[in-house]
Amino acid sequence: MTDPSLYLKNLWYFAFHGSLLKNEKLVGKEVAGEKIVFGRDKNGVAFALRDNCAHRGVPLSQGWFKNDTIQCCYHGWEFGTDGVCKNIPALPPGGTVDVSKIKVFQYPCKEINGTVWVYIPEKKLPNVEPKLPPPDLILAKDKKFLHVETVTLPADIDHSVIGLIDPSHVTFVHQSWYWRSAKKLKLKEKKFEPTPLGFKMVRHEPSKNSKGYGILKGGTSTEITFEIPGIRTEHIKIGEKHEIISITVLTPLNEKETELTHIFYSTLAISRWLWWPLKRLGKQFIGQDLGVFRKLSEGLKSKPTLSLIGEPDMQARWYYEIKRLWAIAQQNNEPFVNPVKPQTLHWVT
Ligand code: FES
Ligand SMILES: [Fe+2]
């Protein structure tokens, strides 16, 4: 059985890049252990419903669109994109059944900057109102992210998050010759501050042993934010007027798998003429993480004792503490108070 504390509730989870959700298509997907069917209504607006027909529970994602409704593949019940039953074909005319009383749970769903997000509530009450707005992806409303890559890590959300925010694996996992070299290790000192749902490494100049930044001329600075349930946002400013937003987001599918997606936005022309090499670089990074995660999942099979040691593992400790306090705040219906205090961390990479 899944540990109920593995998934945080009352939060927005990344579902997928909007380009993967086509008109007239139903997409079934597991998010935080819940089976959800996604689609677009006749206006192209994304929606999300529990992926079980209210009749006998067949996945609605196995059905199809019929005009403005979703039709179940088993007995043809039709549901609006709001989850309300519209028609039961087998009922004889003139009956007394009020089909509009039959409902499939509708999840709050929002598309922001070309990415689709779903809100997983603690309690599945009808017309549930999200307790917080979808994440701010720090991009103007009319702008869209490009999709770099999606991979499935063979790990639960906690190991995946820790792999994402862990500074000390970079030296050993991501030592591409043209990016950075393991030989030139440096003591790093980074300032951190709390954010509403996590923490950020405050704006700083990127380290000199990251050659990748070398191609970006003229006063480069970066700010890296991590927020629950698993969103890492890197905001790079180049000179006065250019920016890059690189977001890596984790979606727990179930206790064994977590999806990692990398999305990217840039005001520079590189989004055109340098896009393919850049995309390859992004894919290579993710491939390196995936490689070490496969080894990790082998190691975890024997349920070893794990440890979090010193400043390189401090962000992982913060994550667990934020998670614990978020869960308690939801249960007691209290505001969440972030336990992270501004502080400086050191590590060698
Ligand atoms: S199970 Fe869906 S219509 Fe019967
Ligand atoms: Fe990594």
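Let's start with overall size. The protein chain has 349 residues, and a compact globule of that length would have a radius of gyration near 20 Å; the chain has 22 Å, which agrees. That radius is taken over C-alpha atoms, and the globule rule is 2.2 Å times the number of residues to the power 0.38.

A word on the source. This is a predicted model: local features need pLDDT of at least 70, side-chain atom pairs count only at pLDDT 80 or more, and totals for chains, interfaces and linings use all residues. Residues are numbered from 1 along each chain as its sequence is written, while chains are lettered from A and ligands numbered from 1 in the order in which they are written.

Now the layout. The C-alpha atoms fill a box of roughly 80 × 45 × 40 Å along the principal axes. The chain has five helices and 19 strands. These are DSSP runs numbered from the N terminus: helices are H or I with at least four residues, strands are E with at least two.

Next, the domains. There are two, domain 1 (4-120) and domain 2 (146-348), with bounds from an automatic or database domain assignment. Their C-alpha centres lie 32 Å apart. The contact takes 17 residues from domain 1 and 17 residues from domain 2. In contact means C-beta atoms, placed from the backbone, within 7 Å. On the domain 1 side, strand 1 gives the largest share, five residues.

Buried means 20 or more other C-beta atoms within 10 Å of the residue's own, with C-beta atoms placed from the backbone; exposed is 12 or fewer, partly exposed in between.

Phenylalanine 38 stands opposite alanine 48 in strand 4. Strand 3 (residues 34-40) and strand 4 (residues 46-50) pair in the antiparallel sense over five bridges; pairing needs at least two bridges found by DSSP. Both strands belong to an open antiparallel sheet, ordered 2-3-4-9. Strand 2 (27-31) and strand 9 (106-107) stand at the edges with a single partner each, so one side of each has no neighbour in the sheet.

Last, helix 4. Its 26 residues, 275-300, reach 37 Å from first C-alpha to last. Leu278, Phe285, Asp289 and Phe293 are buried there.

How values were computed:
Expected span 1.5 Å × (residues − 1). Contact = placed C-beta atoms within 7 Å.
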